[in-house]
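Please read the following note with the structure open. The points are numbered so that each can be checked in turn.

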Amino acid sequence: MEKHFDINAEGYSVRCRLIAHSDARTYQRVVICTHGFGSSKDVGNITRFAEKESAKYKTDAVLCFDWPCHGQDARKKLVISECLTYLRLVVNYAQQELAAEELLIYSVSFGGYLTLRYLHDVGNPFARIALRCPGLRMYELMKRNVSTDDLKKLAKGKEVLVGFERKLKIDQQLLDDLQAGDVRQWEYFDMADDMLILHGTADTTVDIADSRQFAEDNVIEFVPVEGADHPFRDPKLMDFAIHTVIEFFAPTA
């Protein structure tokens, strides 16, 4: 079963996608799945994960959504606080409308960074947290998308366009927020037992050394995936990552 819907709350409209084995109104466990920068809730690796997760655990549902300025979302300017609001609204929907007794989250790249920001800034509603190639140095990663000329425009208080197929607006405030919100400065010991980080050894976008060090500093289980690039383009390696996350999400009771 798959359905698309919007969460309309607090002046926002969060575009969502729900995938489950059964067409139920409520689900005991809901896995929130978040995509990376420039991607969307409809990307193939999310579909593959959701189908396998819901086939393995038939009473689970996978809830995906578009970050602001991504996919079908209507917003034009990227603001970190709005990203965290979107995740909060999705968490609330899973708990209140889907009556989830347990929440889990699987996040990739930019989504991984935002998940870690959410855990620090808002709190941890998740029983298990799996991150693949998290963008730990998000300030530096975002600056890579900005030309020298555009950096000068940002410094003058102007907005510039970044992105891939879909362009979005950013300003200096976004970069300042990312710089101040470096997740490596915070500790995640309290939730480390329920966290997993996977990272490809051939990732040229996000350095695997950062994930390895972050996992070591916080005593988080770390799984290097030999030969995998940032998007895990090799289907076999993607299947390995998905299988690893699904096993990590195995019910404890």
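Is R17 buried or exposed? R17 counts as buried, because its relative accessibility is 4%; buried means under 20% relative accessible area, exposed over 50% and partly exposed in between, with a 1.4 Å probe and protein chains only.

1. Basis of the note. This is a predicted model, in which local features need pLDDT of at least 70 and side-chain atom pairs count only at pLDDT 80 or more, while totals for chains, interfaces and linings use all residues. Residues are numbered from 1 along each chain as its sequence is written, and side-chain values use heavy atoms, with hydrogens and water left out.

2. Surroundings of R17. R17 belongs to strand β2, residues 12-20; helices (H or I, at least four residues) and strands (E, at least two) are DSSP runs, numbered from the N terminus. The side chain of R17 makes a polar contact with the side chain of E2 at 2.8 Å. A polar atom of the R17 side chain also lies 2.9 Å from the backbone oxygen of K41. A polar contact is a pair of N or O atoms within 3.5 Å; within protein, one must be able to donate a hydrogen and the other to accept it, and residues adjacent in sequence count only if both atoms are side-chain atoms. Not counting residues up to four places away in sequence, R17 touches a set of residues including I46, V62 and L63, where contact means heavy atoms within 4.5 Å.

3. Helix α6. In this helix (residues 172-180), the buried residues are L174, L175 and L178. They cover an arc of only 95° around the axis and therefore sit on the same side of α6; the arc is that of the directions from the helix axis to the C-beta atoms. An α-helix has 3.6 residues a turn, so residues three or four places apart point the same way. On the other side of α6, Q173 and A180 are exposed. The buried residues pack against α2 (80-96), α3 (110-121), α4, α5 (148-155) and β8 (167-170). At the start of α6, a side-chain oxygen of D171 comes to within 3.2 Å of the backbone nitrogen of Q173.

4. P125 counts as partly exposed because its relative accessibility is 26%, whereas F126 is buried, with a relative accessible area of 5%. Leaving aside neighbours within four places in sequence, P125 is in contact with V91, Q95, L103 and Y118. With residues up to four places away again not counted, F126 touches I32, V91, L103, L104, I105, Y118 and L119.

5. Positive phi values. C133, in the loop between β6 and α4, has a phi near 50°, a positive value in a residue other than glycine. V219 has a positive phi of about 55° although it is not a glycine, and V219 lies in the loop between α7 (208-218) and β10 (221-225). C133, at 0% relative accessibility, counts as buried.
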